[in-house]
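Colleague: Please take me through the terms applied to this structure and the grounds on which each one is used.

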Amino acid sequence: MSAADVFLVVVRWLHLVTAAVWVGGSIFYLLVLRPASRRNPDAWAGIGRLAAAEFQTLVDGSIVVLVLSGAILTFDRLTGGIADATYVITLAVKIVLSVWMIALVRLERRRRAVPPAYREERSGEGSRRWRGLSEAMSGYNGITILGIAVFLLSDILKVLFENALSR
């Protein structure tokens with residue numbers, strides 16, 4: 001195993017672990033912390049702010065690691081001459097969804113920075129189904145759903161690459 005191979009293994013491992021921490025933390029927030037905060041809002045007030053600040057630091061670090069490691073891995077796969085059009089299209093979709101996740105993080109932070117009294121309410125706009133879908137794909141729900149989709153695309157990319165190698 002060459003030094004370049006070791007480097008790429010470390011980069012892939014960092015990419016995977018960082019993504020797992022971010023998406024896993026998001027799932028934990030949605031399925032455990034958010035319901036607990038609704039059951040006891042007074043107890044949540046103090047610990048919730050502390051947990052949110054710590055998770056924000058973790059997400060910020062994750063974004064940096066994922067962008068850098070993703071760029072390295074993309075360069076490696078696309079310059080190897082093995083990736084076909086299906087691989088490139090799947091990778092492009094993964095990148096778009098990842099950028100969407102990062103944008104949702106930024107938007108959610110801006111939204112949370114505005115006091116509730118100053119937030120715009122959007123009652124009556126569009127159909128009920130569209131509003132429901134819009135709410136599901138925004139904020140922390142959207143980040144988590146997109147993260148799970150990105151994990152799926154990662155597995156698809158791995159299979160596509162392995163199939164291309166075997167040809």
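**Terms and their grounds**

Modeller: Tryptophan 100 has its place in helix 3, where helices (H or I, at least four residues) and strands (E, at least two) are DSSP runs, numbered from the N terminus. This is a predicted model, in which local features need pLDDT of at least 70 and side-chain atom pairs count only at pLDDT 80 or more, while totals for chains, interfaces and linings use all residues. Residues are numbered from 1 along each chain as its sequence is written, and side-chain values use heavy atoms, with hydrogens and water left out.

Colleague: Why is tryptophan 100 called partly exposed?

Modeller: Buried means under 20% relative accessible area, exposed over 50%, and partly exposed in between (1.4 Å probe, protein chains only). Tryptophan 100 has a relative accessible area of 37%, so the residue counts as partly exposed. The C-alpha atoms of tryptophan 100 and glycine 147 are separated by 9.9 Å, although the two are 47 residues apart along the chain. Glycine 147 is among the buried residues of helix 5.

Colleague: What makes the set with Trp22, Met101, Val105 and Ile143 a nonpolar core?

Modeller: A nonpolar core is a set of buried Ala, Val, Leu, Ile, Met, Phe, Trp, Tyr and Cys residues joined through side-chain atoms within 4.5 Å. The largest such core has 13 residues, and Trp22, Met101, Val105 and Ile143 have the most contacts inside it. Helix 1 (3–39), helix 2 (41–79), helix 3 (85–113) and helix 5 each supply at least two of its residues. Apart from this core lies another, of five residues, including Tyr87, Leu91, Leu157 and Phe161.

Colleague: Which residues does tryptophan 22 touch, not counting those up to four places away in sequence?

Modeller: With contact meaning heavy atoms within 4.5 Å, tryptophan 22 touches Phe55, Val59, Ser62, Ile63, Leu66, Met101, Ile102, Val105 and Ile143.

Colleague: What makes arginine 12 and aspartate 76 a salt bridge?

Modeller: The term requires a side-chain nitrogen of Lys or Arg within 4 Å of a carboxyl oxygen of Asp or Glu. The N to O distance for arginine 12 and aspartate 76 is 3.3 Å, so the pair meets the definition. Arginine 12 lies in helix 1 and aspartate 76 in helix 2, so the pair ties together parts that are 64 residues apart in sequence. A search of the whole structure finds four salt bridges.

Colleague: How do you know that aspartate 60 and arginine 109 tie together separate parts of the sequence?

Modeller: Their side chains meet in a salt bridge at 2.6 Å, N to O. Aspartate 60 lies in helix 2 and arginine 109 in helix 3, so parts 49 residues apart in sequence are tied together. Asp60, Arg106 and Arg109 are linked in a network of salt bridges.

Colleague: Why are glutamate 162 and lysine 158 said to be separated by about one helical turn?

Modeller: They are four residues apart in helix 5, which means a separation of about one helical turn.
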